[in-house]
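Please look over the structure shown below together with the briefing that follows.

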Amino acid sequence: TALRRLAVGSFRAEESVSPETLNAASLAVAMRSPSLGLPDVPVLKADDEQANDLLQGRAVDWVETTPPRFFVEATDGRCVALCRSIGSGQIRAERIL
């Protein structure tokens with residue numbers, strides 16, 4: 001008998017796209033936020049200017065208290081970066097997505 005994995009975390013087999021049907025349209029529909037793969041890492045919202053600064057590698061002033069590591073999502077819902085606090089009320093992207 002064959003063993004088949006039906007889910008990994010929040011990702012389900014029935015939501016997958018087979019390599020044979022993968023194209024730009026199916027990829028756009030199937031793409032998920034990287035934050036779904038790490039559900040224990042919080043997601044904070046950024047305005048468009050903050051998101052753009054993070055994407056350009058610049059530090060961003062952040063007034064909220066932040067956890068040690070967190071994802072930042074733009075106003076359009078895109079997960080733009082995995083970030084960390086660098087002190088003095090600023091954050092910086094560790095990984096730009």
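This is a predicted model: local features need pLDDT of at least 70, side-chain atom pairs count only at pLDDT 80 or more; totals for chains, interfaces and linings use all residues.

A nonpolar surface patch of about 350 Å² is made by Val17, Leu22, Leu27 and Met31.

**The largest pocket**

- The lining of the largest pocket consists of Phe11, Arg12, Glu15, Ser16, Val17, Leu22, Leu27, Val29, Ala30, Met31 and Arg32. Two elements each give two or more residues to this lining, namely strand 2 (11–12) and helix 1 (24–30).
- Helix 1 supplies the largest share of the lining, with three residues.
- Sorted by class, the lining of the largest pocket holds seven nonpolar residues, one polar residue and three charged residues.

**The nonpolar surface patch**

- Leucine 27, which sits in helix 1, is a member of the nonpolar patch and is also among the residues that line the largest pocket. Leucine 27 counts as partly exposed because its relative accessibility is 40%, which lies between the cut-offs of 20% and 50%.
- Methionine 31 likewise belongs to the patch and to the pocket lining, and its place is in the loop between helix 1 and strand 3 (43–45). With a relative accessibility of 54%, methionine 31 is over the 50% cut-off and therefore counts as exposed.
- Methionine 31 and glutamate 49 are 18 residues apart in sequence, and their C-alpha atoms are 24 Å apart in space.

- Arginine 32 and glutamate 15, both listed in the lining of the largest pocket, form a salt bridge in which the closest N and O atoms are 3.3 Å apart. Because arginine 32 lies in the loop between helix 1 and strand 3 while glutamate 15 lies in the loop between strand 2 and helix 1, the pair ties together parts that are 17 residues apart in sequence.
- Arginine 32 counts as partly exposed at 38% relative accessibility, and glutamate 15 counts as partly exposed at 37% relative accessibility.

**Other salt bridges**

- The side chains of aspartate 53 and arginine 58 meet in a salt bridge, with an N to O distance of 2.9 Å. Aspartate 53 is buried, because its relative accessible area of 18% is under the 20% cut-off, whereas arginine 58 counts as partly exposed at 41% relative accessibility.
- Glutamate 94 forms a salt bridge with arginine 69, and the closest N and O atoms of this pair are 3.0 Å apart. The pair links distant parts of the chain, since glutamate 94 is in strand 7 (residues 90–96) and arginine 69 is in strand 5 (residues 69–73), 25 residues apart.
- Glutamate 94 counts as partly exposed at 28% relative accessibility, and arginine 69 counts as partly exposed at 44% relative accessibility. Salt bridges that share partners join Arg69, Arg84 and Glu94 into one network.

- Serine 88 is found in the loop between strand 6 (79–87) and strand 7, and its phi is near 55 degrees, a positive value in a residue other than glycine. Serine 88 is exposed, because its relative accessible area of 77% is over the 50% cut-off.
- Aspartate 61 has its place in strand 4 (residues 60–61) and is exposed, with a relative accessible area of 56%. The C-alpha atoms of aspartate 61 and glutamate 73 are separated by 15 Å, and the two residues are twelve residues apart along the chain.
- Isoleucine 91 lies in strand 7 and is buried, with a relative accessible area of 1%. The C-alpha atoms of isoleucine 91 and alanine 46 are separated by 11 Å, although the two residues are 45 residues apart along the chain.

Technical notes: Residues are numbered from 1 along each chain as its sequence is written. Side-chain values use heavy atoms; hydrogens and water are left out. On a 1 Å grid over the protein atoms alone, a cavity is a set of points where a 1.4 Å probe fits but cannot get out, and a pocket is an open set with protein on both sides within 12 Å along at least five of seven lines; lining residues have an atom within 4 Å of a point. Helices (H or I, at least four residues) and strands (E, at least two) are DSSP runs, numbered from the N terminus. Ala, Val, Leu, Ile, Met, Phe, Trp, Tyr, Cys and Pro count as nonpolar, Asp, Glu, Lys and Arg as charged, and the others, Gly among them, as polar. Buried means under 20% relative accessible area, exposed over 50%, partly exposed in between (1.4 Å probe, protein chains only). Patches are made of residues with over 30% relative accessible area and no salt bridge: like charges are joined within 9 Å, nonpolar side chains (Val, Leu, Ile, Met, Phe, Trp, Tyr) within 5 Å. Accessible areas come from the Shrake-Rupley method with a 1.4 Å probe; for residues, only the protein chains shown count as cover. A salt bridge is a side-chain nitrogen of Lys or Arg within 4 Å of a carboxyl oxygen of Asp or Glu.
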